[in-house]
Amino acid sequence: MGSGSGSFLKVLLKNFDVLAMPVVSLLYPLYASIRAIESKSPVDDQQWLTYWVLYSMITLFELTFAKLIEWIPIWPYAKLIWTCWLVIPYFSGAAYVYEHYVRPFFVNRQSINIWYVPRKKDVLDKQDDILTAAEKYIEEKGPEAFEKLINRADKSRRSSGYTVYDEDPRY
């Protein structure tokens, strides 16, 4: 009976990366993401949304370079360590990578945007973009004036006879 448990332990240790990877990269993040959705805090939502963005990027990297990765014997262990660093809240690895590497690439206006879609232009050759208009209004009149405008529009919409459904307060 002792030798049977020893061989089981050897098999377990030999296949640790194969067994641990789904738990670390999928099961725990899935559980934590559901808890984040149910909590009122936006901080944990950002942590787990960021994790899933990075997990998708890792998966795309692996799919793209699968033939090359086959030749790297420590890849499964390196990926497991990397994923642990991303997942474990103590390290906040996902937030760090996103804030320092991913976000600057997508937010920086000077970076190359492979998904460029030209914005619509109106007859006066101005951008037809609600966010740009809102940013310009806030810049000109201040955030308090913008908030008053939103409240006024909300009151007008409520009194106009349209049915208004209150959204979940968590969002």
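Let's start at leucine 19. Is this residue buried or partly exposed? In this predicted model, leucine 19 has 46% relative accessibility, so the residue counts as partly exposed. Leucine 19 sits in helix α2.

Phe8, Leu9, Leu12, Val18 and Leu19 form a nonpolar patch on the surface. Together they have about 480 Å² of accessible area. Where do these residues come from? Helix α1 gives the largest share of the patch, three residues.

Now step back to the whole chain. How many helices and how many strands does the secondary structure have? The chain has eight helices and zero strands. Read along the sequence, the pattern is α-α-α-α-α-α-α-α. There are 171 residues in the chain, and buried residues make up 17% of them. The chain exposes about 14,500 Å². Carbon and sulfur atoms supply 65% of that area.

One more number about the fold. Take the contacts with a separation of 6 or more. Residues 24 or more positions apart account for 50% of these contacts.

Next, the inside. Which residues make up the largest nonpolar core? There are twelve in all: Ala32, Ala36, Trp48, Tyr51, Leu54, Tyr55, Ile58, Leu86, Val87, Ala94, Val97 and Val102. The elements that give two or more residues to this core are α2, α3, α5 and α6 (93–107). Helix α3 gives the largest share, five residues.

Let's zoom in on one core member, alanine 94. Leave aside its neighbours within four places in sequence. Alanine 94 is then in contact with Gln47, Thr50, Tyr51, Leu54 and Leu86. Look at Tyr51, Leu54 and Leu86: they are on the core list too.

Glutamine 47 lies in helix α3. Buried or exposed? Its relative accessible area is 13%, so glutamine 47 is buried. The cut-off for buried is under 20%. Not counting residues up to four places away in sequence, glutamine 47 touches Leu86, Val87, Ser92, Ala94 and Ala95. Among these, Leu86, Val87 and Ala94 belong to the largest nonpolar core.

On to charges. By the rule used here, the count comes to one salt bridge. Lysine 79 forms this salt bridge with glutamate 62. The closest N and O atoms are 2.8 Å apart. What does the pair tie together? Lysine 79 lies in helix α5 (residues 75–87), while glutamate 62 is in helix α3 (residues 42–64), so the bridge links parts that are 17 residues apart in sequence. Is lysine 79 buried or exposed? With a relative accessible area of 14%, lysine 79 is buried.

Last, the database record. UniProt, in an unreviewed entry, lists residues 12–31, 52–74 and 80–98 under "transmembrane region". What does the model show for two of those spans? Residues 52–74 are 74% helix and 0% strand. The end C-alpha atoms of that span lie 23 Å apart. Residues 80–98 are also 74% helix and 0% strand. Here the end C-alpha atoms are 18 Å apart.

To recap. A nonpolar patch on the surface includes leucine 19.

How values were computed: Residues are numbered from 1 along each chain as its sequence is written. This is a predicted model: local features need pLDDT of at least 70, side-chain atom pairs count only at pLDDT 80 or more; totals for chains, interfaces and linings use all residues. Side-chain values use heavy atoms; hydrogens and water are left out. UniProt positions are given in the numbering used here, feature names are shortened, and annotations may be inferred rather than shown by experiment. Helices (H or I, at least four residues) and strands (E, at least two) are DSSP runs, numbered from the N terminus. A salt bridge is a side-chain nitrogen of Lys or Arg within 4 Å of a carboxyl oxygen of Asp or Glu. Buried means under 20% relative accessible area, exposed over 50%, partly exposed in between (1.4 Å probe, protein chains only). Patches are made of residues with over 30% relative accessible area and no salt bridge: like charges are joined within 9 Å, nonpolar side chains (Val, Leu, Ile, Met, Phe, Trp, Tyr) within 5 Å. Accessible areas come from the Shrake-Rupley method with a 1.4 Å probe; for residues, only the protein chains shown count as cover. Contact means heavy atoms within 4.5 Å. A nonpolar core is a set of buried Ala, Val, Leu, Ile, Met, Phe, Trp, Tyr and Cys residues joined through side-chain atoms within 4.5 Å.
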